Amino acid sequence: MSISIYNIEEFVSDELINRARVIIDSGLITEVEEQGNGDYTAVVIGGSTYSVNIVLDKDANIFTHQCNCPYSAGPICKHKVAVILVLRSSFQNDIPISKGSLSLVNTKLVSCDRLVLHQLIMTLCKRDKRIRDIIKKELDIKPKL
Ligand SMILES: [Zn+2]
């Protein structure tokens, strides 16, 4: 059986559901946006600020799920569960979800000049150490000894 936003309780512990509800009730989920067909992003404020991405198929089955928190005790963290519950509630109550601009950004980046991209990434790296650390990790950049 597929994991969908409607049967998530069958796949995660009650404790995780309860923790997710606390996140929702505390108003810690912000910026829920639909970035494309079934592609949702949200920001969850916790020990740090976490970015959650949930991709659903046309039947609201969970296709992929990502969160940048350090949780590793199971396949799905409380942030993802919280966003899934928010999406479900929005769908069930016909609450519209704002359209994100990520696909517009994506379209622009695809056609961007290499030097412009380089400049943009360097600017972001100077502005935010977290971005710099992500890039160092992704590109396996280590300091010279
Ligand atoms: Zn998380």
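This is a predicted model: local features need pLDDT of at least 70, side-chain atom pairs count only at pLDDT 80 or more; totals for chains, interfaces and linings use all residues.

Visitor: Which elements have the lowest and highest mean pLDDT?
Guide: Helix H3, residues 102–110, has the lowest, at 87. Helix H2, residues 78–92, has the highest, at 97.

Visitor: Give me the overall layout. How many helices and strands?
Guide: The protein chain has 5 helices and 5 strands. From the N terminus, the order is α-β-β-β-β-α-β-α-α-α.

Visitor: What does the C-alpha trace span?
Guide: About 50 × 35 × 30 Å along its principal axes.

Visitor: What share of the residues is buried?
Guide: Of the 145 residues in the protein chain, 18% are buried.

Visitor: And the contacts across the sequence?
Guide: Take the contacts with a separation of 6 or more. Residues 24 or more positions apart account for 52% of them.

Visitor: On to the core. How many residues are in the largest nonpolar core?
Guide: It has 22 residues. Those with the most contacts inside it are Val-44, Val-52, Ile-54, Ala-82, Val-83 and Leu-87.

Visitor: Which elements give two or more residues to this core?
Guide: Helix H1 (14–25), strand S2 (39–45), strand S3 (49–56), strand S4 (62–67) and H2. The largest share comes from H2, with 6 residues.

Visitor: Why would nonpolar residues group like that?
Guide: In soluble globular proteins, nonpolar side chains tend to be buried together.

Visitor: Pick Leu-87. What is Leu-87 in contact with?
Guide: Ile-5, Tyr-40 and Ile-54, leaving aside neighbours within four places in sequence.

Visitor: Now the helix pair. How do the axes of H1 and H2 cross?
Guide: At roughly 70°, and the axes come within 8 Å. That angle makes H1 roughly perpendicular to H2.

Visitor: Left-handed or right-handed crossing, H1 past H2?
Guide: Right-handed.

Visitor: Which residues make the contact?
Guide: From H1, Leu-16, Ile-17, Arg-19, Ala-20, Ile-23 and Ile-24. From H2, Lys-78, His-79, Val-81, Ala-82, Leu-85 and Val-86. Ala-82 is also among the core residues with the most contacts.

Visitor: Switching to backbone angles. What is phi at Asp-94?
Guide: Near 55°, a positive value in a residue other than glycine. Asp-94 lies in the loop between H2 and strand S5 (98–99).

Visitor: Why does Asp-94 count as exposed?
Guide: Because Asp-94 has 6 C-beta neighbours inside 10 Å.

Visitor: How about Asp-140, what is phi there?
Guide: Near 55°, again positive, and again in a residue other than glycine. Asp-140 is in the segment after H5. Asp-140 is exposed, with 6 other C-beta atoms within 10 Å.

Visitor: Where is Ile-121 found?
Guide: In helix H4, residues 114–127. Ile-121 counts as partly exposed, because 13 C-beta neighbours lie inside 10 Å.

Visitor: How far apart are Ile-121 and Arg-132?
Guide: They are 8.9 Å apart in space, C-alpha to C-alpha. In sequence, they are 11 residues apart.

Visitor: Last stop, Val-43. Which strand does Val-43 lie in?
Guide: Strand S2. Val-43 is partly exposed, with 16 other C-beta atoms within 10 Å.

Visitor: What is Val-43 in contact with?
Guide: Thr-30, Glu-31, Thr-49 and Ser-51, leaving aside neighbours within four places in sequence.

Conventions. Residues are numbered from 1 along each chain as its sequence is written. pLDDT is the predictor's confidence in each residue, from 0 to 100. Helices (H or I, at least four residues) and strands (E, at least two) are DSSP runs, numbered from the N terminus. A nonpolar core is a set of buried Ala, Val, Leu, Ile, Met, Phe, Trp, Tyr and Cys residues joined through C-beta atoms within 7 Å. A residue is buried if 20 or more other C-beta atoms lie within 10 Å of its own, exposed if 12 or fewer, and partly exposed in between; C-beta atoms are placed from the backbone. Two residues are in contact if their C-beta atoms, placed from the backbone, lie within 7 Å. Axes are lines fitted to C-alpha atoms, for helices over the stretch in contact, and angles run from 0 to 180 degrees between N-to-C directions. Angles under 35 degrees count as roughly parallel, over 145 as roughly antiparallel, 65 to 115 as roughly perpendicular and the rest as oblique. A crossing is left-handed if the near helix is turned anticlockwise from the far one by less than a right angle, and right-handed if clockwise.
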